[in-house]
Amino acid sequence: MVQHTPRGFRVHTASAGLSDDGRDDLTIVVSETPAVACAMFTKSRFAGPSVVLSREAVADFSARGFVVLARNANVATGKLGMENAVEVRRRVAQAVGLSDQELLIAATGVIGVQFPMDSVRAALDELQWPFDGNDFDAAAHSIMTTDTKAKVISLKCGDASLVGIAKGVGMLEPNMATMLTFFCTDADIPQPELDRVFRSVIARTFNAVSIDTDTSTSDTAAIFANGQAGPVDVDEFERVLYDAALRLVREIARDGEGATKLIEVHVSGARDDDQAKRVGKTVVNSPLVKTAVHGSDPNWGRVAMAIGKCQDDLDIVPERVRIGFGDLDVYPDLPDEDAMARLVEHLEGDTVQINIDLGIADGGFTVYGCDLTEGYVRLNSEYTT
């Protein structure tokens, strides 16, 4: 629940007929005053019209807010899909008295289906500015697709407040930022500093999570700072933003489609941070590791196998590698019967920590994921039916 709401942001949610359960699936958040904005987007070659429009809008690092349509990605929908995205953004901008370029737009959900524009237009016709409130909890619910719970966090930074919302539990292997995540703050942060801090935080949080290795066509991460609370210490702001982002990432990984357990892979002793991240992602993405974790099977050899798939990293030498779970080492000192029982106990928890030290240098990185279950297969085999 949001306890610290940034000044000057208005929130509107409504049902636009994108889903058949009648829940809110249209989200609009707008700053009452000009704001500095930074954003990162998917590198997918099939990026949707919303990503194309938003990249252009935030190129000058200035935007007032965003609109999200959930349950429909509007991807691979051709010329009409682009025209519909343009119309949606234009109608929202006109309703709140802004130019089109002052708004980002995002869409998430099923690919290859046009927006139901009659019902979307009907919802947009009801817009009245200023919006009644600033309910970021409602916004977090409204952007959900197959998420089982809303993901929202609010923190203080001096006199300023920061709120973040996120969605995403499947088709999730970010290649820039993440599924969808938006941060709003009333802190006064100069654009160059905000951009630097935001990219640094995203690299260590949302770019460190993976559910199923599939990069979304709609990934968008953005932050808006309207400065109404005045200046803050930039280093402190980075710490607060990192804390908020990491909490959202852990919730995303824990809520992965069909997931029952959060997996954290901590890699140290690497040549550099990039190598550590590469090894961590290889382990957390391994179907054999993920299924072993799901079944609490103490088959730690699957972690060794996954590390070995990094075949181009010739400086990874098995004799120098150490593997552990929680506070229990399993390689190179092989576990005895009692240690295996302790390993099973760790695997039965809702958070499984895998520790890997490559014994090369001082690079390190932590990645986040989840187990692979029958629920994931069932949900994704029936997604459009």
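Strand 11 (residues 322-325) pairs with strand 12 in the antiparallel sense, over three bridges. The model described here is predicted.

- Five strands form an open sheet, and their order is 12-11-13-10-14.
- The pairing within this sheet is mixed.
- Strand 12 (328-331) and strand 14 (363-370) are the edge strands, each pairing on one side only.
- On average, neighbouring strands of the sheet are turned by 20° against each other, direction ignored.

**T351 in strand 13**

- T351 is part of strand 13, which covers residues 351-357.
- The side chain of T351 makes a polar contact of 3.2 Å with the side chain of R254.
- A polar contact of 3.4 Å also links the side chains of T351 and D350.
- With neighbours within four places in sequence left aside, T351 is in contact with R254, L262, E264 and H346.

**Strand 3 and its partner**

- Strand 3 (residues 36-41) is largely enclosed by the rest of the structure, because five of its six residues are buried.
- Strand 3 and strand 9 (residues 220-231) run antiparallel and are joined by six bridges.
- M40 has A221 in strand 9 as its bridge partner.

**Helices 2 and 3**

- Two packed helices are described by the angle between their axes and the distance between the axes.
- For helix 2 (residues 78-96) and helix 3 (residues 117-125), the angle is about 10° and the axes are 10 Å apart.
- Helix 2 is therefore roughly parallel to helix 3, since angles under 35 degrees count as roughly parallel.
- On the helix 2 side, the residues that meet helix 3 are N84, E87, V88, R91 and V92.
- Helix 3 contributes M117, V120, R121, L124 and D125 to this contact.
- By type, the residues of the contact between helix 2 and helix 3 are five nonpolar, one polar and four charged.

Terms used. Residues are numbered from 1 along each chain as its sequence is written. This is a predicted model: local features need pLDDT of at least 70, side-chain atom pairs count only at pLDDT 80 or more; totals for chains, interfaces and linings use all residues. Side-chain values use heavy atoms; hydrogens and water are left out. Axes are lines fitted to C-alpha atoms, for helices over the stretch in contact, and angles run from 0 to 180 degrees between N-to-C directions. Helices (H or I, at least four residues) and strands (E, at least two) are DSSP runs, numbered from the N terminus. Angles under 35 degrees count as roughly parallel, over 145 as roughly antiparallel, 65 to 115 as roughly perpendicular and the rest as oblique. Contact means heavy atoms within 4.5 Å. Ala, Val, Leu, Ile, Met, Phe, Trp, Tyr, Cys and Pro count as nonpolar, Asp, Glu, Lys and Arg as charged, and the others, Gly among them, as polar. Buried means under 20% relative accessible area, exposed over 50%, partly exposed in between (1.4 Å probe, protein chains only). Two strands pair if DSSP finds at least two bridges between them. A polar contact is a pair of N or O atoms within 3.5 Å; within protein, one must be able to donate a hydrogen and the other to accept it, and residues adjacent in sequence count only if both atoms are side-chain atoms.
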